[in-house]
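Hi,

Here is the structure I promised to pass along. Have a look, and then read on for what turned up in it.

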Amino acid sequence: MSDPQTVSVPGRIMAAEMAEQPAVLQRILDEGAPKIRQIAAEIAARSPRFVLLTARGTSDNAALYAKYLIEILLGKPAGLTSMSTTTAYGAKPDLTDVLVVTVSQSGGSPDLVASTKAAREAGAITLAVTNNASSPLAEVSEFHIDVLAGPEKALPATKTYTAELLALYLLVEGLRGGDGAAAKDLPGLAAGVLARHAEVRALAERYRFAQRLVITSRGYGYPTAREAALKLMETTYIPASPFSGADLLHGPLAMVDNVSPVIAIVPDGKGGEALQPVLDRLRGRGADLVVVGQQAQVDAASAGFALPAGVPEEVQPILEILPLQLLAYEVTIARGQDPDAPRALAKVTETH
């Protein structure tokens, strides 16, 4: 990775913000966790019936991760909202005793603010998870969690994404009375992953001239596949299609051949076990398969990036995305583009 202190180097801001992630994770554990536990206790005391999650873009992938946490760890139904039902169609659902969690880096998108305000008026318990405590979204929500990532200046969101993941994990842990112990080693582990950026630079050469990419996973890894695809598309401009491994077998597998680059995020746990038949089918089709996962899975693929062993599956996404952020950065640099300023993007996307 390029030296982030060298002002003339494209991507210096994104590089610096990726490098901040271990410190951000530690800040959340040290400073944010007590408030998150308090908010979670207040919400749990009101016994919400189920949870709705509202977000856009990168934050939508963080919300999908929270959906898995809520359904698996809490045993409560959870869904991702369609904001247009409220903002465009004027629907007025009964949200009494429903927890509505809105996730947004900036907290400034009008549709997020409007749908959250409408949810509160419809009887919901509303919680905003943002990187801006003074945002309009925080103001209209009953509760607010600050992810404490600090200002993010690069257009591709990196540190705010992992901060959202950790904050949402701690929230769900608080809702079920857990102590969040699975997260305690994440800052050090993240620093170790990011220190191996030379390995990712070597991988990036595989994709410098790629025309398209397929990214797949299952379980907790599926939000990582979606976020990796988004990062690659918005920085490198390579079309990247994310699929649940189960969905990939229902038709899209037909587009994979022996020259098709496929990235598989293989969780160490039940998600990875569920993905195994998909990996076997991909190998059978001769796909150029790169794996982000445990060393044995990497060894069985064309190439890959081995993640630390022994990490609980529910927090592995916080580490899984790191080499994929680095990959998006390195491929973009290799293609002669600036990952700090992708074309046609703005930091706050004002959808309605």
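First, a term: I call it a salt bridge when a side-chain nitrogen of Lys or Arg is within 4 Å of a carboxyl oxygen of Asp or Glu. Bear in mind that this is a predicted model, where local features need pLDDT of at least 70 and side-chain atom pairs count only at pLDDT 80 or more, while totals for chains, interfaces and linings use all residues. Residues are numbered from 1 along each chain as its sequence is written, and side-chain values use heavy atoms, with hydrogens and water left out.

By that rule there are 13 salt bridges. Here are a few of them.

Arg176 pairs with Glu173, with 2.5 Å between the closest N and O atoms. Are the two partners buried or exposed? Buried here means under 20% relative accessible area, exposed means over 50%, and partly exposed is in between (1.4 Å probe, protein chains only). Arg176 is partly exposed because its relative accessibility is 42%, whereas Glu173, at 4%, counts as buried.

Arg201 forms a salt bridge with Glu330, and their closest N and O atoms are 3.7 Å apart. This pair links distant parts of the chain, 129 residues apart: Arg201 sits in helix H9 (residues 197-204) and Glu330 in helix H14 (residues 316-334). Helices (H or I, at least four residues) and strands (E, at least two) are DSSP runs, numbered from the N terminus. Arg201 has 34% relative accessibility, so it counts as partly exposed; Glu330 has 7%, so it counts as buried.

Then there is Lys231, which bridges to Glu234 with closest N and O atoms 2.8 Å apart. Both lie in helix H10 (residues 222-236), 3 residues apart, or about one turn of the helix. Lys231 and Glu234 are both buried. Glu227 joins in too: Glu227, Lys231 and Glu234 are linked in a network of salt bridges.

Now the whole protein. It has 14 helices and 10 strands. Its radius of gyration (over C-alpha atoms) is 20 Å, close to the 20 Å from the globule rule (2.2 Å times the number of residues to the power 0.38) for 352 residues, so it is as compact as a globular protein of that length. The C-alpha atoms fill a box of roughly 55 × 45 × 40 Å along the principal axes. Of the 352 residues, 54% are buried.

Cheers
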